[in-house]
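I opened my notebook beside this model and jotted down what I looked up. Here are the entries, in the order I made them.

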Amino acid sequence: PAEFSLYIEDKVVKDRVGYMDAIINYCNEMDIEIDNIGPLVNQSLKDKLQIEAEDSNLMKKRGKLPL
């Protein structure tokens with residue numbers, strides 16, 4: 001999971017793509033089903049995916065405390 005997370009983070013920075021796109025590209029390159037990727041996704045990556053999905057209106061936004 002650590003190597004997977006570092007690979008995805010690297011792809012996001014270098015290729016300037018979103019986390020979801022980076023994971024889909026990884027699955028296509030490695031010929032892995034997207035359904036089998038769950039155990040490789042750590043909590044940090046889950047949080048970033050959730051934020052990206054909320055920003056894209058793919059998920060309902062969580063409540064945030066005002067600053």
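I started with the neighbours of Glu54, leaving aside residues up to four places away in sequence: Glu54 touches Met59, Lys60, Lys61 and Arg62. A contact here means heavy atoms within 4.5 Å. I found Glu54 in helix H3; helices are DSSP runs of H or I with at least four residues, strands are runs of E with at least two, and both are numbered from the N terminus.

Is Glu54 buried or exposed? I noted Glu54 as buried, with a relative accessible area of 2%; buried means under 20%, exposed over 50% and partly exposed in between, with a 1.4 Å probe and protein chains only.

I reminded myself that this is a predicted model, where local features need pLDDT of at least 70, side-chain atom pairs count only at pLDDT 80 or more, and totals for chains, interfaces and linings use all residues. Residues are numbered from 1 along each chain as its sequence is written, and side-chain values use heavy atoms, with hydrogens and water left out.

Next I checked confidence: pLDDT is the predictor's confidence in each residue, from 0 to 100. The chain has a mean pLDDT of 90, and 94% of its residues reach 70 or more. Helix H3 (residues 43-55) has the lowest confidence, at a mean of 91, and helix H2 (residues 19-30) the highest, at 94.

Then I stepped back to the whole chain. I counted 3 helices and 0 strands, and 25% of the 67 residues count as buried. The C-alpha atoms fill a box of roughly 40 × 25 × 20 Å along the principal axes.
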